[in-house]
Structures are given as structure tokens and as C-alpha cells.
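Please read them alongside the coordinates.

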Amino acid sequence: MKPAARWPLHPAPREGEALSSWLHRVAACYQMEVRDLLEHDLGHGQVDDLDTAPPLSLLTVLSQRSGIERDRLRCMSIVGWVPWLLDSLDDEIPAALETYAFQCSVLLPRHKRKIRTVARWRAWLPRQPVDRACPICLNDPADQAILLAWKLPLMLSCPQHGCWLESYWGVPGRFLRWENTDAALRTAGDAIAAMDQRTWQALTMGYVELPRRRIHAGLWFRMLRTLLDELNTPLSMCGTYAGYIRHVWEGCGYPLRAGQSLWRPYETLAPVVQLQMLEAAATAIHLIESRVISPPGEQAALFWPEPQTGFTNGLPTRERTQEPINVWQEAIKAINEAVADARHNPETARSLFALAAYGRRHDPESLERLRAEFSKDGIPPAFLSHYEPDGPFACRKISDRLSDKF
Ligand SMILES: [Zn+2]
């Protein structure tokens with residue numbers, strides 16, 4: 001008997017839902033297992049990679065049965081996210097990791113990272129399956145859709161509800177048990193929610209709005225993956241920039257590099273380590289955005305607010321200046337920001353010291369007192385060990401930094 005061209009019942013896919021999840025929900029409408037639906041209704045044997053690269057012939061017949069466009073169905077598996085989320089599903093491309101994760105820089109200058117080559121590598125695809133979901137999204141037993149992004153170590157929270165994704169066992173819609181049954185619903189912190197909202201925007205809109213400008217989703221994923229690798233860089237390779245990495249890990253309360261001593265690509269790390277790395281990435285972005293740290297990476301500036309210069313309100317100059325700018329307040333704010341940066345950035349520490357030491361370079365006692373003051377402010381004395389009191393470069397740097405603020 002020729003099967004019906006269109007299924008009489010089929011739930012609409014949820015935005016971002018994985019193909020396997022949707023097929024489970026379709027099969028459930030007919031009290032069937034997915035493998036039976038595939039075999040007896042769609043003429044396909046067992047398909048292992050429904051969420052990675054389903055055969056085009058299967059997508060064609062699914063489109064006929066559901067009336068949903070084949071391209072939309074394709075985007076319910078990872079292959080539909082090439083080349084935005086990853087360059088290719090081919091895991092035998094030489095230098096794939098270098099191409100993907102070593103062209104951007106956020107926390108460290110590019111030359112500070114040792115370029116790694118890994119055989120059989122694909123961005124974001126974990127070595128072990130990830131079974132995490134939002135407890136609120138799965139609250140309705142009749143409509144338990146699993147999003148494709150939840151199957152990757154890419155997000156920590158639900159973009160809709162802002163709570164942590166939790167680990168589960170079983171098959172949503174049929175049998176599901178949360179790994180931590182006693183856990184109360186955990187609301188994700190602001191830093192995590194902000195990072196995940198951007199990732200969700202990249203997945204659903206194809207771009208991300210950053211403070212400085214809108215960027216393409218492809219750049220967002222590569223920048224995020226870069227950040228994860230920077231946070232896993234051995235400190236011995238970071239030189240004077242190690243302070244940025246240390247500061248971020250201290251900020252999120254986990255051991256350095258989530259306790260890793262040997263370098264391995266993010267995708268092969270244990271799930272618990274991946275989650276800590278993602279949390280550290282969210283912390284790093286928050287620290288950069290709030291100007292607590294000003295790391296030297298090329299893309300770090302994307303998180304800074306746009307400098308407000310060169311615009312007027314169209315009124316004559318005299319009227320425009322009715323609201324006087326408190327220059328001293330601005331200067332104090334700039335110095336406070338410089339002190340915060342100097343705690344982790346030797347270059348800023350030396351520049352700030354040069355400024356503070358102005359006029360005292362022939363007075364060793366006064367310089368010593370100044371060093372003690374800096375130390376009390378949390379600026380490591382080691383940062384000042386090579387200090388040259390009349391180094392013109394140092395003085396120029398701090399004046400540049402201050403003039404940036406006005
Ligand atoms: Zn949710």
C-alpha cells in the first residue's frame with residue numbers, strides 16, 4: 001500500500017529543535033518508536049547521525065510528509081550550521097583547529113599561544129554525547145523538545161528561561177529523570193545569561209549585537225572557541241599576560257584551567273570541565289565588558305562601549321556646554337580603572353608608576369614609599385622590578401591611556 005503523502009498529525013518543530021527530538025515527538029503521535037517510523041513509514045533503516053548529517057533522501061521524504069521545507073529540516077542538524085558554527089564536518093582537514101581557533105585573540109596576543117594541530121578534530125562536537133536540557137522547557141510532558149544547541153558544549157543556560165541546563169537520563173517525552181533530583185531550579189548569573197543570549201542570537205539570527213558593533217555569527221563562534229582555548233593555555237607560556245588568565249579563573253572560583261595540567265582540545269575534555277571552561281569564558285567577557293581587565297587580544301575591544309566622540313546636538317557651542325563635564329571626576333575614574341588594570345597588567349603598572357613617580361626620581365626613599373603604596377593597592381611589586389623612573393615610553397603610554405578616556 002502506498003503510504004500517505006502527508007502525515008495527518010505532526011507537531012511543529014520548536015525553534016532550534018534537534019531533528020531527533022522532533023522525530024521522537026512525531027513518532028509519539030502514532031505511539032511508535034523513531035526507528036519504526038523511519039523504517040516502516042519513511043523507508044530508511046537505522047540512521048545514527050540524525051542530528052549531525054542526515055541523508056538528503058531522508059530530509060526530502062520528511063519534507064513531503066510534513067510540508068516543512070527541506071532546508072529548514074536540514075538546519076535541525078549540525079550540517080545545516082556549516083559553515084557558521086563550524087567550517088566543515090570533515091574531520092580529516094589538516095590544520096582545522098588552527099584555522100578555526102587561532103586566528104582570533106581576546107585575552108592573549110596571538111603570538112603567545114602555541115599553535116596546536118590535532119588529528120580528527122571538528123569544532124564543538126563533543127567526544128561524548130551531551131544530555132542537558134532546561135527543566136522548565138521540559139516541564140510539559142506532552143511537549144518535550146530538545147534543542148540542538150543543548151547537545152553541544154556551547155551554552156550553560158536556557159535562552160528562554162535563563163536557568164541552568166541540567167543533566168538528564170532517558171528519552172524526553174517517554175522516560176526522563178534528572179541527574180540531580182533534589183536540585184532546585186538554578187537561575188544562571190548575569191554573565192552566563194548574557195553570553196548565552198548572544199550565542200542564541202548567533203544561532204537564530206546569524207549575527208550578534210556587541211557593544212561596539214554587530215558581528216557575524218561565524219565570528220562569534222570562533223571568538224568564543226578562541227577564548228576557551230586561551231583560558232586553557234598553560235600560564236608558563238603566557239609571560240606577563242598570565243595575570244589575565246589568572247584573574248578570570250579567580251573570578252569564577254574554579255582552579256586554574258579547570259584543574260587541567262595537560263592541554264587537550266576543548267571538545268575532548270570531560271563534560272564537567274567543559275562547563276567550567278564555558279563559565280570562565282562568560283566571566284572573561286563580563287570582566288572585559290565592565291573594563292575590569294583590558295586584555296591585549298585583537299577582538300577584546302569589541303566588548304568595549306563605543307567611544308563617544310565627534311558628535312554634537314546641533315546647538316551653538318555656548319548652549320551645548322550648559323552641562324559642564326566634571327573633568328576631575330572623569331580623571332579619577334580613569335585612574336581608578338588604570339589601577340584595576342595594573343593589578344594584572346605589568347605594562348599598565350609600570351606606566352602608572354612612572355606617572356606617580358614624576359618629580360621624585362632622585363628621591364629613593366620617596367620611590368620606596370610609592371612602591372609600598374602600589375603594593376597596598378594590590379599591584380604586584382614584581383611588575384615594577386624593571387622600572388625605569390624616566391622611561392619616556394612608560395610615561396607616553398599612561399598619557400595615551402588617560403587621553404582615551406576623554
Ligand atoms: Zn527553558
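1. Helices here are DSSP runs of H or I with at least four residues, numbered from the N terminus. Helix 8 is followed by G253, whose phi is positive, near 80°. The model is predicted, so local features need pLDDT of at least 70 and side-chain atom pairs pLDDT 80 or more, while totals for chains, interfaces and linings use all residues. Residues are numbered from 1 along each chain as its sequence is written, and side-chain values use heavy atoms, without hydrogens or water.

2. Helix 8 is largely enclosed by the rest of the structure, because 8 of its 11 residues are buried (under 20% relative accessible area, 1.4 Å probe, protein chains only). The buried residues are A242, G243, Y244, I245, H247, V248, W249 and C252.

3. The largest nonpolar core has 82 residues; such a core is a set of buried Ala, Val, Leu, Ile, Met, Phe, Trp, Tyr and Cys residues joined through side-chain atoms within 4.5 Å. L107, W124, W150, L154, W220 and F221 touch the most other members. Helix 5 (96-101), helix 6 (190-205), helix 7 (217-230), helix 8 (242-252) and helix 9 (271-289) each supply at least two residues of this core. Helix 9 gives the most, with 10 residues.

4. W150 touches R14, V130, R132, A133, C134, C137, L138, A145 and L165, leaving aside residues up to four places away in sequence. Contact means heavy atoms within 4.5 Å.

5. How do helix 7 and helix 9 cross? Their axes (lines fitted to C-alpha atoms over the stretch in contact, with angles from 0 to 180 degrees between N-to-C directions) come within 9 Å and cross at roughly 105°. That makes helix 7 roughly perpendicular to helix 9, a term used for 65 to 115 degrees. W220, L224, L227 and L228 of helix 7 meet M277, L278, A281, A284 and I285 of helix 9. By class, this contact has 9 nonpolar, no polar and no charged residues; Ala, Val, Leu, Ile, Met, Phe, Trp, Tyr, Cys and Pro count as nonpolar, Asp, Glu, Lys and Arg as charged, and the others as polar.

6. Helix 1 (residues 19-29) and helix 2 (residues 34-41) have axes that come within 8 Å and cross at roughly 80°. The two are therefore roughly perpendicular to each other. L23, H24, V26 and A27 in helix 1 meet V34, L37 and L38 in helix 2. The residues of this contact divide into 6 nonpolar, 1 polar and no charged.

Conventions. Parallel < 35°, antiparallel > 145°, perpendicular 65-115°, else oblique. Buried < 20%, exposed > 50% of the residue type's maximum accessible area, 1.4 Å probe, protein only.
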